[in-house]
Amino acid sequence: HVFQRLTSGVEPATNLGQNEGTVLKINTGNDVKKEKPLLGVYSLEGHGSAVLALETIRDRDYWVCSGSQDRSVRVWDLKAEKEATSFFQSNSVAKLVYCSQSRLLYSACQTAIKAWDLRADAKCVRTMSLLALEQPSKGSGSVQDIVVDRSGSNLYCAATGTTHVKIWDLNKGTI
């Protein structure tokens, strides 16, 4: 019932998938009452499969990124009410992390982490592979979580099939 209340002012989406996404402003009207404390403001539509990851761009007001099982990452400009850019990965996007210091968006998909420069029309500027770190006999799992430290110098990665955390020095590009 909560989902119905949140989406009651949204028109159904058509032709989703590889097309440009749509930002729909939800009409909440003036019927805000105590029994409806949670009201949606926007509906971001454009992914062809489940959305698995979300991240905000903290140095750009009203920007949100979404990563999906459809292999796409979409960057939404809520202020302009449109999709700013989108790009595709080789597999489902499991995690997104934005680093304010480097102004890069990191996306994790399967065994790779990519760094995207959103200022350069979403250009991939670095790829970090888990496969390059593992011994061939051990194999490697999928990336489950990534975190960039406050200084923007290190990226921490947790993956399935391993008992340790991998740490990349982002300044040097090494482990």
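This briefing describes the fold, the strands near the end of the chain and some side-chain features of one protein structure.

The model is predicted, so that local features need pLDDT of at least 70 and side-chain atom pairs count only at pLDDT 80 or more, while totals for chains, interfaces and linings use all residues. Residues are numbered from 1 along each chain as its sequence is written, and side-chain values use heavy atoms, with hydrogens and water left out.

**Overall make-up**

- The protein chain has one helix and 13 strands, where helices (H or I, at least four residues) and strands (E, at least two) are DSSP runs numbered from the N terminus.
- Among the contacts with a separation of 6 or more, 36% are between residues 24 or more positions apart, a contact being heavy atoms within 4.5 Å.
- The accessible surface of the protein chain comes to about 10,300 Å², of which 48% belongs to carbon and sulfur atoms, as given by the Shrake-Rupley method with a 1.4 Å probe.

- Strand 12 (residues 154-159) has a covered face formed by Leu 155, Cys 157 and Ala 159, and an uncovered face formed by Asn 154, Tyr 156 and Ala 158.
- In a regular strand the side chains alternate between the two faces of the sheet.
- Strand 11 (residues 143-148) pairs with strand 12 in the antiparallel sense over five bridges, pairing being counted if DSSP finds at least two bridges between two strands.
- Val 147 has Tyr 156 of strand 12 as its bridge partner, and in the hairpin of strand 11 and strand 12, with five residues between the strands, Gly 152 takes a positive phi near 75°.
- Strand 12 also runs antiparallel to strand 13 (residues 166-169), to which four bridges join it, and Leu 155 has Trp 168 of strand 13 as its bridge partner.
- The hairpin of strand 12 and strand 13 has six residues between the strands, and in this hairpin Gly 161 takes a positive phi near 75°.

**Side chains**

- The charged end of Arg 60 sits over the ring of Trp 63, 4.0 Å from its centre, the rule being that NZ of Lys or CZ of Arg is within 6 Å of the ring centre and within 35 degrees of the ring normal.
- Cys 109 is buried, with a relative accessible area of 2%, and Cys 157 also counts as buried, at 2% relative accessibility.

Terms used
Buried means under 20% relative accessible area, exposed over 50%, partly exposed in between (1.4 Å probe, protein chains only).
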